[in-house]
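Please read these notes with the model open beside you.

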Amino acid sequence: MPSSEGIGSDGIRCMMMRGGTSKGAYFLAEDLPADVAERDRLLLAIMGSPDPRQIDGIGGADPLTSKVAIVSRSTDPSTDVDYLFLQVLVNEPIVTDRQNCGNILAGVGPFAVERGLVAARGDSTTVRIRMVNSGSIAAATFPTPGGSPDYRGDTSIDGVPGTAAAVRIDFADTAGSSTGSLLPTGNVHDTFEGVAVTCVDNGMPTVLIAAADLGLTGAESPDQLEADVALNERLHAIRTAAAAAMGMGDVSKATVPKVVLLSPPREDGVIATRSFLPVKVHTSIGVLGALTVAAGVSIPGAVGYDFARLPAPGGQFRIEHPTGHLDVVIDMDGTQVIASGNVRTARKLFDGVVFPRPI
């Protein structure tokens, strides 16, 4: 830093992108400090944390818009690029790499082509991505007519206005990518704080709970759930106990595991969800969170299995969330995940230089 583009020492090259239902700052690894502590201090200054409005930075004052992707040519010959996801907390001076983000992932392939890390390969390009957080592999395919990403298209996803070009993402080795096992506690069913749960990790460590077991319908809005202090205290206790049983240690400063409340589908979906981040409630659900829910409710005896409207083997899972649904595909054999994938959209919002506050 500065990069080869000749940017001054107080400015860092940055591309802001919407990936799926999230938004984040995308950087080349070479444009950021190699030292992790220095890098994290810089990212806090760029995003404007800690501050509830992130008023002095480019963060959007929400966990879904305070995200960072760091991309470089891959050190693994079987993949094209390495992608490190970082969650920048809004109200605390914390940058964490303890989870992946499948929404921000949707922008990594186009970003890699935009920055010249990968050459476009005809009318569509597939970029193989190593997710550094977990070591999992994803392949993103998107349109590149004329040798550059085309973000225009007619694909719509709930939680995002309008339409854009489809980004198909196929995942490999998601099961247990963060904890080592699809069922991290070794059980299909556990009880913490008197509540039945299923702990599952198909790319996102998650604690599944039936909303009815907490006296909820599962149709509550994010605002209603966030305002329920007693509920959040109870979920904190369950999450803490579950994380210990999952071998995740102290998660008081971490955004994983997620807690997802499940209820019967209300429309044409497989299951209805409310996903906690861990206190703020997602207005939709993350991609890897949806894949994890799909895997979890497919297992006989797991929370949600009895009231999920399961598709035929290898079929599409429509995961309902507060603003609509997210469709994923998962192929399972018992408790083994064979393959999984979904379609997202992404869009370049701006490309330029970001100036962090002095640190």
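1. Which residues line the second largest cavity? They are Pro110, Phe142, Pro143, Pro149, Asp150, Tyr151, Ala165, Val167 and Ala346. A cavity is, on a 1 Å grid over the protein atoms alone, a set of points where a 1.4 Å probe fits but cannot get out, and lining residues have an atom within 4 Å of a point. By class, eight of these lining residues are nonpolar, none is polar and one is charged. Here Ala, Val, Leu, Ile, Met, Phe, Trp, Tyr, Cys and Pro count as nonpolar, Asp, Glu, Lys and Arg as charged, and the others, Gly among them, as polar. The second largest cavity holds about 50 Å³ of space, a volume being the space filled by probe spheres set on the grid points, which are joined across faces, edges and corners.

2. A word on the source: this is a predicted model, in which local features need pLDDT of at least 70 and side-chain atom pairs count only at pLDDT 80 or more, while totals for chains, interfaces and linings use all residues. Residues are numbered from 1 along each chain as its sequence is written, and side-chain values use heavy atoms, with hydrogens and water left out.

3. The chain has six helices and 16 strands; these are DSSP runs numbered from the N terminus, helices being H or I of at least four residues and strands E of at least two. Along its principal axes the C-alpha trace spans about 60 × 45 × 35 Å. Of the 359 residues, 55% are buried (under 20% relative accessible area; exposed is over 50% and partly exposed in between, with a 1.4 Å probe and protein chains only).

4. How many cavities of 30 Å³ or more are there? The count is two. The largest has about 190 Å³ of space and is lined by 21 residues, with Lys67, Gln99, Lys258, Leu277 and His282 nearest its centre. Helix α6 (287-297) is among the elements that supply at least two residues of this lining, and α6 gives the most, with three. The lining has nine nonpolar, 10 polar and two charged residues.

5. The largest pocket has about 600 Å³ of space. Among its 25 lining residues, Glu92, Leu277, Pro278, Val279 and Lys280 are closest to its centre. A pocket is an open set of points with protein on both sides within 12 Å along at least five of seven lines. The largest share of the lining, six residues, comes from α5.

6. Serine 74 sits in the loop between β3 (67-73) and β4 (81-88). Is serine 74 buried or exposed? It counts as buried because its relative accessibility is 18%. Its side chain makes a polar contact with the side chain of threonine 79 at 2.6 Å (N or O atoms within 3.5 Å; within protein, one must be able to donate a hydrogen and the other to accept it, and residues adjacent in sequence count only if both atoms are side-chain atoms).

7. Leucine 349 lies in strand β16 (residues 336-354) and counts as partly exposed, at 35% relative accessibility. Leucine 349 and glycine 304 are 45 residues apart in sequence and 38 Å apart in space, C-alpha to C-alpha.
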